[in-house]
Amino acid sequence: MRRVQHRGYNLRMSPTTQTPRTDVALRQPDHDDAGELARIVFEAFGDIHDHHRFERDFPAIEAAQAMMGAWVPHPGIWGVVAEADGQIVGSNFLDERDPIRGVGPITIDPHAQNTGVGRRLMEAVIERGQDAPGIRLLQDGFHMRSLSLYTSLGFDVKASCVVVQGTPQGGPVDGVEVRPVTTDDLDECEALCAKVHGFPRTGALRDAVEHGPAVPYAALRDRRIVAYASAVTFWPMAHGVAESDEDLQALLIGASAACDEPVTLLVPLESPLFRWCLEQKLRAVKPMNLMARGAYQEPEGAWFPSVIY
């Protein structure tokens, strides 16, 4: 630990790198790993968010346990575990439910960070997804080490986003019906997503319809789906697309009225949706960056990403 004097402040600075580990082995996770992986997810995210003074993504270990309990056995999610001296020191996952792959969560035990484990885990998912047209992830905008790592591995920032939370103040929009998405809606939602992004996200949406953890909603005009969201109260798994900003706003107002919890979602900063959220009294929680490696086209419509992309 070294001290730096700067304009009267005495700053304690920790070293950002340590000697890279050479004893790390990679393997796929099994069911028995879920508990230890959840502990590392909880402690790693908590350590980083506490250090930067942002609200924790996983406020209780039960949230991390629920995610790992779903992610590890999921047939559409590929996982990789890092071990050293017989102990798990980190993990990473690749969402393979849809054509564009999504990374995360990647977590390293706080005692093993800055030793090259994260790079090994990222290289493993990149190799796994090498035949996909593109790979994407969301990166905490306040965390310079992960930004530098992902950039060095070929990821580029495509959109700066902010997590927002609150209850919209507006009333129902005339001519718009908002209701839960059903399996009968999947084809129409797929066409809408492909129109906006150039690819479908039907695998992730089907999971939301069939398994949650939050309810997906659609907005309809003249019985035609013009917007959908895979969730509106659980931002890590909430992605949404719409033909227009007005359609997406109507969806959020209608879905919020049907929910007992605040709306929480990731909003692109350059989207009119961010200003609208602030006008509706939602508060900004933390910054994030959408990063992509491989194919990327600018969205043609309104949208917001999940923590995967």
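Predicted model: local features only at pLDDT ≥ 70, side-chain atom pairs only at ≥ 80, totals over all residues.
Three bridges join β13 (residues 240-242) to β16, in the antiparallel sense. Across this pair, Val241 stands opposite Trp303 of β16.

## Nonpolar cores

The largest nonpolar core contains 45 residues, and Met68, Trp71 and Tyr228 have the most contacts inside it. Helix α1 (residues 34-52) gives the most to this core, contributing seven residues.

With neighbours within four places in sequence set aside, Met68 is in contact with Ala34, Leu37, Ala38, Val41, Pro73, Phe93 and Pro105.

## Helix α7

Helix α7 covers residues 245-258, a run of 14 residues. At 1.5 Å a residue, α7 should span 20 Å, and because its end C-alpha atoms are 20 Å apart, the model agrees with that expectation.

The buried residues of α7 are Asp247, Leu248, Gln249, Ala250, Leu251, Leu252, Ile253, Ala255 and Ser256.

## Packing of α7 and α8

Two packed helices are described by the angle between their axes and the distance between the axes. For α7 and α8 (residues 272-279), the axes come within 10 Å and cross at roughly 35°. The crossing of α7 past α8 is right-handed.

On the α7 side, the residues that meet α8 are Asp245, Leu248, Gln249, Leu252 and Ile253. Their counterparts in α8 are Pro272, Leu273 and Trp276. An α-helix has 3.6 residues a turn, so residues three or four places apart point the same way. Among the α7 residues that meet α8, Leu248, Gln249, Leu252 and Ile253 are also buried.

## Serine 146

Ser146 is located in helix α4 (residues 144-152). Its relative accessibility is 9%, so Ser146 counts as buried, the cut-off for this class being under 20%.

Not counting residues up to four places away in sequence, Ser146 touches Gln139 and Asp140.

Key:
Residues numbered from 1 in each chain as written. Heavy atoms only, no water. Helix = DSSP H or I, 4+ residues; strand = E, 2+ residues; numbered from the N terminus. Expected span 1.5 Å × (residues − 1). Buried < 20%, exposed > 50% of the residue type's maximum accessible area, 1.4 Å probe, protein only. Pairing = 2+ DSSP bridges. Core = buried A, V, L, I, M, F, W, Y, C linked by side-chain atoms within 4.5 Å. Contact = heavy atoms within 4.5 Å. Axes fitted to C-alpha atoms, helices over the stretch in contact; angles between N-to-C directions. Left-handed = near helix turned anticlockwise from the far one by under 90°.
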